[in-house]
Amino acid sequence: MVLVVHNSYATPRWWKEAVVYQVYPASFQSDPGATTPGWGTLRGLTSRLDYLQALGADVVWSSPILQSPQADMGYDISDYKAIDARYGTLADADELIAQLRARGMRLMMDLVVNHTSCEHEWFRESRASRDSPKRDWYIWKKPRSADGGDGGAPEPPNNWAQILGEANSAWHYDEATGEFYLGLFTPEQPDLNWENPEVRAAVWDVMHFWMQRGAAGFRMDVINLISKDPTFPDAKVTLPGQKYQPGTAHYANGPRLHEYLGEMHRSVLARYDETITVGEMPGVSDAGEILRTVGARAGELRMIFIFDLVDIDRPAGGVRMALKPWDAKEMKAVVARWQRVMIEGDGWNSVFIENHDNPRSVSRYADDGDAWREKGAKLLALLQTTLGGTLFVYQGEEIGMRNIPAGAWDVEEDFKDVETVNYWKKSRALYGDDPERLDHARAVIDAKARDHARTPMQWTAGSENAGFCEPGVRPWMRVMDDYATVNVEAQLREDNDGNDLSVWRFWQRALRDRKDHKDVFVYGDFEELTHEHPQVFAYLRTSSSSSKGERWVVVLNFSGRHVEWDLPGGFQVEAWPRGNYARGPIGKPRTGMVPLKPWEGVLGKLVVASG
């Protein structure tokens, strides 16, 4: 059956077909002239564009490169129109854009406008006095009580917890003016007051500045937090015994969110040709609400990051730094749901399983041990490159970089992220005399710390610091010890046995296949097959083009053991051209039972009945 969709889902657009490669600039590539030795730079990024083009990337999205005191690795911006000196200059940014354009590629900026740095001039003016003209550019509230009710410190206006340190209040007291300001993430990141039209106009000005310099669009940091419940009520108690509680229900997808996003589209995005936009929108999983943002006629954003898959090990209603068990059936249900929602609802997906805020995918969804790391990394590549939506690849994912080994690094010495630092301090304070609970806290860090994805890129085996920065220079963050075996240089070489592909070459070929068959893998229909199988994720992709009528089956074994999967009745395979175990075609049955090795993934082309 050929997909017939009475909407614009299968209407071609460049940004739908694009492969977006995310760079974490501090960790991607330094250069000998770096202002801050051991820190990645824009010149370093520019020097690697041929590498990204060869992989198959069309868009480079860089995490923030703007001026920042780096309290949260650049997500605390102090000047939206200046490049942070660690990364380079505006001239370096212009050269990056020019070199991307020369290769037919584009730059997507990271727009961080839910909050600024506390060192931004806007906030300096806002906190100067209660009468400052910019006072209401931020969210200021009087204390709930002046002395906490017991002669202690002033009490915050409500019980919302800080996101990157849930033991602390999201409200921060300013003694000079006697009021609290809201900083959901850290005290160094005060939230802007989007209710003020002057704030929105200032944001539109920033967006125009970068679009006019040649940016193709924006990834929008926590953009669904810009509208808060104006009554600022207490959050429901979901963490018993803790003073401050997650307030997500009162500031995620708030009452004026769609009004603000619509205004953004009309004031900025609609004035440029075919922008690419993706919103980071944590805490939202309602299909109707999401389609209000990404529906083809919504007039808001092209797509958002839906977090159901990367939050699969997060307890319901709980904080990010926590764990719960999950299985392959749960993972399959998440992927299949959002494939169908977007096809039927005329929306558009972002396809991703890694970014700078999550652990490495091969460690999380497969097996990162030496015996299975490559097979697992290629299995995940086959999954992502055969799903509908715009594909996002995170730096190092294409070579199968993995998590920091459990227990191998000292939390206080080697980990850098503010979330991990705050979580460990809280755990030490609470559980210092309880080794079992402290061990559990360490297990959470070993599984979930954001630093797993922020270690320097592993370019070479033979040079100190994996080729990320010059020998003799100490990188801003420790390089993974496995760089001697897991690195770009080794994977770019053809494998000597002639039977297998490196993870990088597998990604390169899979991205090429995706573009060659975009009517199937980008725009085609999706149907999950045999959902009840406990280990195998199998699905059918059908071409959106009635003239081609292609049908492909993807079969993925998400387990470390041999399993069997039965092709549905009526399915006949013409060929099995791709798999993560072999360089060339795979010998699998044309009908009937398909045997699968541990962590094996295969791609088959089905015979299409004539007439």
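Visitor: Which strands does helix H7 lie across, and at what angle does it run to E11?
Guide: In this predicted model, H7 covers residues 197-212 and lies across E5 and strand E11, the latter being 217-220. Its direction relative to E11 is about 135°.

Visitor: What about helix H18: which strands does it touch, and what angle does it make with E15?
Guide: H18, residues 503-516, packs on the sheet too. It touches strand E1 (19-23) and strand E15 (390-394). With the direction of E15 it makes about 170°.

Visitor: In what order do the 8 strands of the sheet come?
Guide: The sheet is open and its pairing is parallel. Going across, the order is E13-E12-E11-E5-E2-E1-E15-E14.

Visitor: Which strands stand at the edges?
Guide: Look for strands with a single partner, so that one side of each is left without a neighbour in the sheet. Those are strand E13 (303-305) and strand E14 (350-351).

Visitor: Which residue in E5 is the bridge partner of Val 60?
Guide: Strand E2 (residues 59-62) and strand E5 (residues 106-111) run parallel and are joined by 3 bridges. In E5, the partner of Val 60 is Leu 107.

Visitor: Back to H7: how far does it reach from its first C-alpha to its last?
Guide: H7 has 16 residues, and at 1.5 Å a residue 22 Å is expected. The model comes close to that, with a reach of 22 Å.

How values were computed: Residues numbered from 1 in each chain as written. Predicted model: local features only at pLDDT ≥ 70, side-chain atom pairs only at ≥ 80, totals over all residues. Heavy atoms only, no water. Pairing = 2+ DSSP bridges. Helix = DSSP H or I, 4+ residues; strand = E, 2+ residues; numbered from the N terminus. Contact = heavy atoms within 4.5 Å. Axes fitted to C-alpha atoms, helices over the stretch in contact; angles between N-to-C directions. Expected span 1.5 Å × (residues − 1).
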